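Trainee: I'm new to this one, could we look through it together?
Mentor: Gladly, let's open it and begin with a pair of helices.

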Amino acid sequence: MANVLDLRRRIRSVKNTRQITKAMKMVSAAKLRRAQERALAARPYAKMITSVLESLTRRIEIFDPVTGSLRHPLFATREEKRVLLIVVSGDKGFAGAFNTNVLKTAFQFISGNPDKQIDIEAVGRKGRDQMRRHYPVASYKEQTDESGHTSQVRERGESVEVTGDHPGMLIKLETARVQKLAESIISRYVHEEIDAAYIVYNEFKSVISQRLVVERLLPLMKIGIPQITGAVEPSSEQRERAAEAALSAGIELEPVDTAAADDEARKFGTSQVDYIYEQPAEELFNGLLPQYVSSMLYHAMTESVAAEHAARMTAMDSASNNASDMIDAYTLEMNRVRQAAITKEIIEIVSGAAAV
Amino acid sequence: MADETNQLRVRLVTPERTLFDHAADAVELPAKNGYVEVLYGHAPLMAELGAGDVTLHGGPDGDQHYNVSWGFAEVLPDRVTILASDALKPEEIDLPRAEQQLDRGLNMWKEAGESPEAFDEALRVIAEAEAKMATAAEKH
């Protein structure tokens with residue numbers, strides 16, 4: 001049996017751990033609040049750009065009536081042979097099963113499409129590390145054509161390759177960087193390097209309502225309706241756990257009511273009047289579609305960041321609770337050991353006195 | 001539907017935040033092919049924006065300038081909504097950074113060679129930087 005000193009030392013160490021996990025939980029709660037605010041602030045723009053595109057596609061045929069060609073190459077659908085998968089994971093660990101779940105869904109997607117060539121674009125450090133461990137990085141060869149231009153030519157070795165990663169993008173989420181990514185995806189689609197783009201991320205509606213989704217970004221089939229092709233809902237047990245953690249950290253459980261603002265935003269560009277279009281339809285589509293794709297990406301990332309903080313908060317709350325349980329158990333054991341020692345001493349004294 | 005005030009409801013929204021949501025007498029927009037001034041009762045219009053200043057006249061705090069780069073504006077008789085890719089208040093403009101951006105744009109322009117896309121991209125960067133510097137200069 002351990003002696004009192006050992007137990008006391010162990011209790012002290014667990015107490016220290018509890019202090020750290022508690023602090024981490026509070027930090028995550030604060031960050032979650034900020035992430036929620038940011039997600040909320042990004043909503044009007046996303047809603048507006050969706051509704052204006054929607055109304056534009058309703059007014060203007062996506063096929064040009066004169067030439068019969070598409071107004072924008074992003075509307076073109078091809079047979080899905082080469083697929084781009086964007087994996088949005090977290091940058092840090094200590095977030096329970098958050099990263100594992102994202103990666104599990106991504107791997108399921110990959111193994112579910114064995115006959116397709118898949119390019120992976122990893123956002124978030126954890127996802128990048130894992131993806132790189134499993135799949136080779138795409139290699140490029142420099143090629144010079146007759147006019148002396150050098151261009152990068154992709155050399156595909158395996159059917160699944162990592163084409164790029166964006167570490168640190170989530171730490172300071174900036175629209176400019178997200179837009180760069182969106183532009184690169186669009187240019188790959190337009191140049192027919194990929195036939196479709198999917199994104200795996202954690203959707204976040206509120207602390208208790210979040211799910212893992214696989215969403216199709218490209219081709220654009222229906223504007224304004226997320227094309228979710230797969231989703232994993234959390235279990236009711238996980239939900240309860242998250243609710244408990246949120247309550248103790250003082251986070252609102254219900255999502256903030258934005259119905260009025262959303263309605264207002266939805267009206268943007270959809271008024272039932274004939275607009276004067278300053279630019280021809282092709283130009284408007286050219287300007288709007290990249291913005292739309294980038295706003296979908298930005299939306300996915302803000303949600304994922306919020307979900308990550310929520311997951312970390314829940315995980316750290318569980319860790320603090322476990323630490324408290326452990327301290328209780330050790331304290332009980334320590335008291336027992338101490339009492340046993342005292343009893344033993346008394347018996348010794350009493351029997352010593354009796355012997356005299 | 002005219003009311004006594006004849007004011008427009010003007011909103012300026014970026015992907016990250018809503019900068020402005022107030023009533024104003026008139027608003028100037030930097031449309032891609034030139035500035036447009038919108039007063040109450042303007043015909044419905046949808047325009048792509050370039051880089052430049054959005055100026056609000058007769059807002060709650062007097063005239064206000066915002067630097068806007070790229071986006072869209074919807075004009076309805078009583079309402080103007082500006083969807084900007086990026087928008088800054090004049091005091092938020094980082095002048096050294098704008099100068100760096102201009103240099104970068106000029107370099108891109110020099111290196112663009114014969115690719116029209118690279119030229120367009122360079123011109124965009126230059127226009128954005130110049131618009132930012134112009135807004136900042138106006139302020140000081």
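Trainee: Which residues of α6(A) meet α8(A)?
Mentor: Keeping in mind that this is a predicted model, the residues on the α6(A) side are Arg241(A), Ala242(A), Glu244(A), Ala245(A), Ser248(A) and Ala249(A), and they meet Ala310(A), Met313(A), Thr314(A), Asp317(A) and Ser318(A) in α8(A).

Trainee: What's the make-up of that contact by class?
Mentor: The contact of α6(A) with α8(A) has 5 nonpolar, 3 polar and 3 charged residues.

Trainee: And at roughly what angle do the two axes cross?
Mentor: Helix α6, residues 236–249 of chain A, and helix α8, residues 281–355 of chain A, have axes that cross at roughly 85° and come within 9 Å. With that angle, α6(A) counts as roughly perpendicular to α8(A), because the range for that label is 65 to 115 degrees.

Trainee: Switching to the two chains, how many residues does each put into the contact?
Mentor: Chain A brings 25 residues and chain B brings 20 residues. On the side of chain A that touches chain B, α2 (43–59), β9 (276–277) and α8 each supply at least two residues, and α8(A) gives the most, with 7 residues.

Trainee: How does that side of chain A split by class?
Mentor: The side of chain A that touches chain B has 15 nonpolar, 7 polar and 3 charged residues.

Trainee: What about β6(A) and β7(A), parallel or antiparallel?
Mentor: Strand β6, residues 196–206 of chain A, pairs with β7(A) in the antiparallel sense over 9 bridges, and a hairpin joins β6(A) to β7(A) through 2 residues. If you want a place to look, Val200(A) stands opposite Val214(A) in β7(A).

Trainee: Is β7(A) mostly covered or mostly open?
Mentor: β7(A), which runs over residues 209–218, is mostly covered, with 7 of its 10 residues buried.

Trainee: Last one, Glu117(B): buried or exposed?
Mentor: Glu117(B), which lies in helix α2 (residues 116–139) of chain B, is exposed, because 9 other C-beta atoms lie within 10 Å and the cut-off for exposed is 12 or fewer.

Trainee: And how is Glu117(B) placed relative to Arg97(B)?
Mentor: Glu117(B) and Arg97(B) are 20 residues apart along the chain, and their C-alpha atoms are separated by 24 Å.

Notes: Residues are numbered from 1 along each chain as its sequence is written. Chains are lettered from A and ligands numbered from 1 in the order in which they are written. This is a predicted model: local features need pLDDT of at least 70, side-chain atom pairs count only at pLDDT 80 or more; totals for chains, interfaces and linings use all residues. Axes are lines fitted to C-alpha atoms, for helices over the stretch in contact, and angles run from 0 to 180 degrees between N-to-C directions. Helices (H or I, at least four residues) and strands (E, at least two) are DSSP runs, numbered from the N terminus. Angles under 35 degrees count as roughly parallel, over 145 as roughly antiparallel, 65 to 115 as roughly perpendicular and the rest as oblique. Two residues are in contact if their C-beta atoms, placed from the backbone, lie within 7 Å. Ala, Val, Leu, Ile, Met, Phe, Trp, Tyr, Cys and Pro count as nonpolar, Asp, Glu, Lys and Arg as charged, and the others, Gly among them, as polar. A residue is buried if 20 or more other C-beta atoms lie within 10 Å of its own, exposed if 12 or fewer, and partly exposed in between; C-beta atoms are placed from the backbone. Two strands pair if DSSP finds at least two bridges between them.
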